[in-house]
Amino acid sequence: MEARELGKSALELPVISFGAWAIGGWMWGGADEKDAIRAIQRGVDLGVTCIDTAAIYGMGHSEKLTGQAIAGRRDEIIVATKCGLRWDLEEGQLAMESAMPDGTPCKIFRNLRPDSIRHECEQSLKRLDTDVIDLYQCHWPDPTTPIDDTMEALLGLQQEGKIRAIGVSNFSVDDMRAATKTVTLASDQPKYNLLERAIEADVLPFCRQENIGILAYSPIAHGLLTGKITMDTQFGEDDHRHRQRWFQPENRRKALEFLEKVKPIADGHGVTLGQLAINCVICQEGITTALVGARNAQQVEENVKAASFRLSADELTTLRALAEELGEPV
Ligand SMILES: NC(=O)c1ccc[n+]([C@@H]2O[C@H](COP(=O)([O-])OP(=O)(O)OC[C@H]3O[C@@H](n4cnc5c(N)ncnc54)[C@H](OP(=O)(O)O)[C@@H]3O)[C@@H](O)[C@H]2O)c1
């Protein structure tokens, strides 16, 4: 698998990384643990040697499964995790009302205060069963904490050898400018897929110019761009897709019509729609890796093949023009 340097850090990431949100079960209607572990391990065998998780994914569950899956192979793997969303401490900015894996209601707070980051880092190291986190990312900005304080705390962890590189996620250009006054930022982690290309206006050009890597999330739009979701597919209350805009009937219909139009391009390369969608993300200059979520080894095997073909410049232009015609979801 092709590897790319992550910004100014010493890390090299495969162009396809494993997204470990769904395997935590939280907001995805649960997940099967054995399938999850096999999925990560099959990915590593196939060159998916970077795993992106977060403390909040299943309230620690995704990190624990990641730690179990990579036991004995830690040296081959880049572990990326995130801090800054607390479910166990009511301090900071309220982000959302949610529920614990056992169904107990809970509130989630954005919290990037130095003492909280230090506590979270120790917890993540334990759950991941490792001495060092390769890439430690702020999950979302926290307007209640001065960014200099947050970055000082991360710098301290880096100097102590607990984390290798510092990254952010869902940060705007202004947020990143502020962060880079204190630290060398390895990466940002924004949403990016054929249907959702807002970063092309600002975040992407800024990161290219400043040599900040990009870990692109939701490259197959939570599964919608694989073509397996039809107008009849239903999602449970505890699967976040039931309230995502692109999954609402009117928008979903438009997305499915779009997939019909792009299918000949996928067929021309002998690839699936999902592989086409992932390939479009990693073809974009400035993207370091696509974080592709998967629940089982079969999905991983399909997704990995997205890195093994090349779309022509004309095909990319056509795909992006067709996506442009869709406009914003209503
Ligand atoms: N920083 C952030 O705020 C943030 C936000 C979102 C995501 N992320 C990161 O990005 C990763 C990926 O994003 P995502 O999970 O939102 O969406 P995604 O990668 O676009 O979609 C993943 C989902 O699509 C389905 N799928 C995967 N491979 C498939 C295949 N070959 N065929 C059919 N269906 C397939 C699976 O769900 P089903 O089988 O249930 O359909 C899977 O959970 C996350 O795991 C996480 O690491 C970060």
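A nonpolar core is taken here as a set of buried Ala, Val, Leu, Ile, Met, Phe, Trp, Tyr and Cys residues joined through C-beta atoms within 7 Å. In this predicted model, the largest such core holds 100 residues. Ile 16, Tyr 136, Ala 216, Ile 278 and Ala 290 touch the most other members. Helix H8, residues 273-283, supplies the largest share of this core, with seven residues. In soluble globular proteins, nonpolar side chains tend to be buried together.

Ala 216 illustrates the packing around one of these core residues. Beyond its neighbours within four places in sequence, Ala 216 is in contact with Pro 190, Tyr 192, Val 281, Ile 287, Ala 290 and Leu 291.

The overall fold was examined next. The protein contains 10 helices and 13 strands. Its C-alpha trace spans about 50 × 45 × 40 Å along the principal axes. Buried residues account for 48% of the 330 residues. Of the contacts with a separation of 6 or more, 75% join residues 24 or more positions apart.

The ligand is surrounded by 27 residues. Gly 19, Trp 21, Tyr 217, Gly 223 and Gly 293 are the closest. Two elements give two or more residues to this shell: strand S13 (289-293) and helix H9 (297-304). By class, the shell comprises 10 nonpolar, 13 polar and four charged residues.

Notes:
Residues numbered from 1 in each chain as written. Predicted model: local features only at pLDDT ≥ 70, side-chain atom pairs only at ≥ 80, totals over all residues. Near = placed C-beta within 6 Å. Helix = DSSP H or I, 4+ residues; strand = E, 2+ residues; numbered from the N terminus. Nonpolar A, V, L, I, M, F, W, Y, C, P; charged D, E, K, R; others polar. Buried ≥ 20, exposed ≤ 12 C-beta atoms within 10 Å, placed from the backbone. Contact = placed C-beta atoms within 7 Å.
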